[in-house]
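Hi everyone, thanks for coming along this morning. Please put the sequence and the structure up on your screens, and we'll walk through them together.

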Amino acid sequence: MPVNDRTNVPALTVSGVSKVYHVRGRDRKTVAAVNDVSFTVAPGAAVGLVGASGSGKSTLAKMITGSERPTGGEITFGEVAVGRLRAGGLRRYHHQVQMVFQDPYGALNPLHTVEYTVMRPVQNFLGLSAAHARERVAELLETVGLTPASQFAPKLPHQLSGGQRQRVLIARALGSDPELIVADEPVSMLDVSLRAGVLKLLAELRRQRGLSLLYITHDLLSARLVTDEILVLNSGQVVERGPTKQVLQHPQHGYTIQLLDAVANPFVASRGGLGGSAPHDSAAQAGSPANGRGSK
Amino acid sequence: MTILTAVPPPEAPGTAAPVPTGTAQAIPGPLRFIGRALRTLWSNGKARTGIIVLGLIIVVAIFAPLLAPHSPSATSFTPYKGPSGTNLLGTTGNGQDVFSQLIYGSRISLIVGVLAGAAATFVAVTLGLITGYRPGVVDEVLGFITNLVLVIPGIPLMIILAAYLQGRSVWTIVLVVAFTSWATGARVIRSQTSTLRTREFVTSAVFSGERLLRVVFREILPNMTSLVAASFFAAATAAVLAEASLEFLGLGNPATVSWGTILYAAQQQNALLTGQWAMVLAPGLAIVLLMVSFTLINFGVDALSNPRLREK
Amino acid sequence: MALLEARGVNVAYEPNRGQRIWSVRDVDVVLEQGEFVGLVGESGCGKTTLGYALTRMLPPPARLTGGSIVFDGVDIASLSGEQLRRQRRNGFALVLQSGMNALNPVRSIGKQFGDVLKAHARPGDDVSGEGIRRRGAELLESVRLDGGVLSRFPHELSGGMRQRVSIALALALQPRMIVFDEPTTALDVIVQQAVIQTIKDLQAERGFTAVLISHDLGVVLEATDRVMVMYAGRIVEDQPARVMAHGRHHPYTEALLSCYGDPRADVVEIGGIPGSPPDLSQPNRGCSFAPRCPVAEDICRSADPPLSALAPGRAACHVRARAGQVEMEASHAG
């Protein structure tokens with residue numbers, strides 16, 4: 001059972017949200033990056049937004065974190081109307097809603113130490129003195145597995161491996177003691193051998209702190225590992241949704257099936273199967289234990 | 001639905017690159033930065049040469065009274081003489097020692113070069129940051145003004161301004177030069193700012209609750225140090241030449257002694273006809289030497305913004 | 001005679017004075033005509049460097065510091081300049097990772113085909129406008145693109161289309177070998193599959209030797225016949241693709257396999273490999289993987305294991321080699 005030492009954690013509600021761009025130029029047209037999407041992230045839940053590039057998931061993430069405004073519909077976090085926030089309100093919003101970015105190389109200022117990067121949200125949002133903030137940073141670094149903290153605190157990003165950088169990003173996101181974390185493809189730029197560690201960390205943090213998690217990815221495997229519920233997006237619309245395991249084992253929509261087939265699984269592949277080129281029988285696939293090592 | 005790892009999650013302390021052992025907390029940040037900057041520059045061959053040459057010129061400027069054999073303005077020598085024992089570079093038409101003038105002249109060229117360069121860079125950085133970070137009305141207006149100034153030819157503008165301004169002093173020159181050279185730097189800094197603005201670490205800083213000024217000055221600007229430094233050295237180089245040009249054209253104060261005024265006098269007194277080749281060559285060479293030293297240092301400035309090279 | 005026989009390939013580069021990094025150490029590779037080989041490994045293992053070294057495309061400051069690379073009987077390791085260029089013409093080609101970004105943004109696709117065909121034209125080749133258009137359309141068709149693409153510019157095409165154009169350009173000179181450096185990494189997962197299928201089909205049709213470099217074991221196993229796994233600059237395993245998912249392998253390969261899983265399974269577990277790869281600027285003693293290996297023994301820390309037989313292929317592991325030996329002896333005895 002999740003240890004939820006929080007009461008009144010708000011829910012994120014996305015209702016009928018759209019983002020329409022008007023393309024100027026030779027061919028005037030309107031492009032709907034997001035089209036009438038609705039869902040809720042309940043307190044403590046982990047929801048996945050799954051889709052390929054161009055599906056609208058990144059645009060949705062930007063709207064949810066306040067970086068862009070929806071052109072239609074509404075996003076609320078508890079009582080806060082996210083779509084209408086301005087500078088000051090946005091800052092306060094980030095106290096509660098944080099983001100873990102995709103690119104561990106680009107999301108860290110190359111000139112700032114780990115300690116500085118993680119300390120800023122702690123100081124800005126929790127108002128701690130420098131000394132207390134440092135202690136807090138050390139705790140956070142330990143929490144994300146960068147131990148001993150004193151060794152990692154003075155390091156610069158280029159001295160860290162990809163996995164370590166991503167952990168720093170997670171520590172930074174935790175710095176404000178948020179209620180919801182939006183993780184945008186947090187492991188897709190990491191080597192496969194490093195992913196399990198980071199995913200396990202996210203799952204742990206969710207359990208320990210009662211965080212809600214919005215997990216955005218194109219990778220169905222990591223979505224399966226981290227989320228309870230997923231929404232499949234295609235061209236800005238939700239084409240399928242439901243409990244993660246169920247959707248992946250019994251996909252209904254053609255696009256979901258296509259995505260599942262495209263997952264390059266070494267165990268399926270090496271038996272000569274090339275998913276997608278042959279007609280796929282999802283009913284036969286579902287319910288039977290997957291082949292090869294690593295699953296029961 | 002569990003995730004299994006072969007061994008507990010914490011990653012072994014990085015076996016990546018070697019780590020600098022601890023940072024000395026005793027020395028304040030900015031000084032440490034300058035110390036590191038100098039060390040990085042020194043490690044680059046071209047920059048080192050530039051630093052040495054610039055250093056020599058600075059020493060000459062500071063110790064001018066000790067180094068110059070005579071007073072630069074004393075008209076006690078036989079005029080129109082070529083190089084000799086007492087007057088290493090000959091004398092001017094007014095009987096002044098060219099060598100002493102050359103030595104004292106280094107002061108003006110350095111001061112104007114550095115001050116005008118710094119002023120131009122300051123304006124360029126301020127405007128560049130503002131226009132680059134916030135696209136909008138302000139950006140459009142300031143951008144337009146920048147382009148306007150950029151399009152106007154520099155020297156004619158300087159001539160007009162210098163001729164128009166009543167007081168003829170070093171400060172006039174500094175102002176005029178700074179006023180006409182900020183535009184290029186502003187454009188360059190604007191484009192770099194607008195590129196950096198979209199980098200994820202800037203977004204990350206905003207998410208960390210950083211306010212506008214802090215984002216601009218603590219996140220973006222530090223990643224542009226080499227650009228700012230390069231702009232400064234470029235501006236200073238141009239300023240040295242601009243100052244000499246203005247003096248040469250007689251728009252400065254002929255009473256001040258600078259490399260430009262020596263050339264002005266040489267022109268007025270037909271130095272080449274009277275065989276005073278040193279009076280023409282020496283200040284010219286000195287100007288070039290100063291400009292080249294700035295440029296050489298610029299070669300090494302690139303390393304400043306790259307933390308990988310900083311460790312050395 | 002094998003198409004490519006590379007022995008003792010070593011690549012080093014010096015990022016700063018006094019620091020030398022060995023990104024490829026003592027690699028031997030033998031490729032037959034028509035083979036489809038995968039080169040797999042994680043960041044920093046040297047697979048891309050090896051691919052570039054084999055096609056003599058190493059950008060300075062990386063340098064090939066030793067070894068021979070005999071391509072079709074000619075040691076290209078010792079060639080340079082014009083001689084090398086001529087060897088490229090009918091030898092080998094490289095498709096870059098950002099194959100999309102390797103296209104010149106200000107020239108139309110047709111013009112870029114023209115550039116390649118004209119630069120390496122042989123007497124008798126038709127390099128008139130018409131000839132180039134014809135050849136270009138043929139090549140585009142072979143990668144499942146419409147001839148109309150010739151008049152377009154790179155920015156008008158999608159990522160997948162650009163990657164196909166790069167492949168078509170590589171085919172233009174009918175090379176005997178093509179090295180694909182992470183051709184699908186920057187692509188959508190669905191487009192990825194289509195591009196890999198295209199590469200597979202082309203390889204089957206035309207019979208060129210293909211080397212597919214990727215960090216994704218799944219993609220490699222799907223496409224290739226033979227897989228080489230790299231770690232810390234060395235090849236640690238070399239097996240036919242069909243046996244990779246089962247049986248005993250190099251502990252690194254096994255660990256890598258455990259990082260994958262089927263999202264449809266009832267219970268999904270994936271593994272990770274703790275620690276980090278070794279610092280390639282330091283000379284290594286013993287097996288590079290030993291510090292992270294679950295079955296490492298003393299010998300592993302003192303002696304670097306050579307690539308030895310591990311049926312049906314090879315692996316560089318003391319423990320596996322010994323086990324393989326025992327099995328063989330047991331089967332002989334029994």
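Let's start with contacts in chain B: among those between residues at least 6 apart in sequence, 72% join residues at least 24 apart. Two residues are in contact here if their C-beta atoms, placed from the backbone, lie within 7 Å. Before going on, please keep in mind that this is a predicted model: local features need pLDDT of at least 70, side-chain atom pairs count only at pLDDT 80 or more, and totals for chains, interfaces and linings use all residues. As for names, residues are numbered from 1 along each chain as its sequence is written, while chains are lettered from A and ligands numbered from 1 in the order in which they are written.

What is chain B built from? It has 13 helices and 0 strands. Helices (H or I, at least four residues) and strands (E, at least two) are DSSP runs, numbered from the N terminus. Of the 312 residues of chain B, 40% count as buried. A residue is buried if 20 or more other C-beta atoms lie within 10 Å of its own, exposed if 12 or fewer, and partly exposed in between, with the C-beta atoms placed from the backbone.

Now find two helices in chain B, α6 (residues 154–164) and α7 (residues 170–197). Their axes come within 10 Å and cross at roughly 145°. Those axes are lines fitted to C-alpha atoms, for helices over the stretch in contact, and angles run from 0 to 180 degrees between N-to-C directions. Among the residues that make this contact are B:L157 and B:L161 of α6(B), together with B:V176 and B:F179 of α7(B). Sorted by type, the residues of the contact are 7 nonpolar, 4 polar and no charged. Here Ala, Val, Leu, Ile, Met, Phe, Trp, Tyr, Cys and Pro count as nonpolar, Asp, Glu, Lys and Arg as charged, and the others, Gly among them, as polar.

How confident is the predictor about chain B? The average pLDDT is 80, and 85% of the residues score at least 70; pLDDT is the predictor's confidence in each residue, from 0 to 100.

On to chain A, which has 12 helices and 10 strands. Of its 296 residues, 52% count as buried. Look for an open sheet of 4 strands in chain A, in the order β2-β1-β4-β5, with antiparallel pairing. Two strands pair if DSSP finds at least two bridges between them. At the edges stand β2 (29–41) and β5 (80–81) of chain A, each with a single partner strand, so one side of each has no neighbour in the sheet. Inside the sheet, β1 (residues 12–23) and β4 (residues 72–77) of chain A are joined by 5 bridges, and A:V14 stands opposite A:I75 in β4(A). Helix α1 (residues 57–64) of chain A packs on this sheet, touching β1, β2 and β4 of chain A.

Elsewhere in chain A, β9 (residues 229–234) and β10 (residues 237–243) pair in the antiparallel sense over 6 bridges. Their hairpin has 2 residues between the strands, and A:S235 takes a positive phi near 50°.

Now over to chain C, where β9 (residues 226–231) runs antiparallel to β10(C), with 6 bridges joining them. In that hairpin, with 2 residues between the strands, C:A232 takes a positive phi near 50°. Why is β10 (residues 234–240) of chain C largely enclosed by the rest of the structure? Because 6 of its 7 residues are buried. β10(C) also pairs with β12 (residues 313–315) of chain C, antiparallel, over 2 bridges, and there C:E237 has C:A315 as its bridge partner.

Last stop: where chains A and C meet. The contact takes 39 residues from chain C and 41 residues from chain A. On the side of chain C that touches chain A, the elements giving two or more residues are α6 (189–206), α7 (217–223) and α8 (251–257) of chain C. That side divides into 19 nonpolar, 11 polar and 9 charged residues.

Is C:D188 buried or exposed? With 20 C-beta neighbours inside 10 Å, C:D188 counts as buried. Leaving aside its neighbours within four places in sequence, C:D188 is in contact with A:A52 and A:S53.
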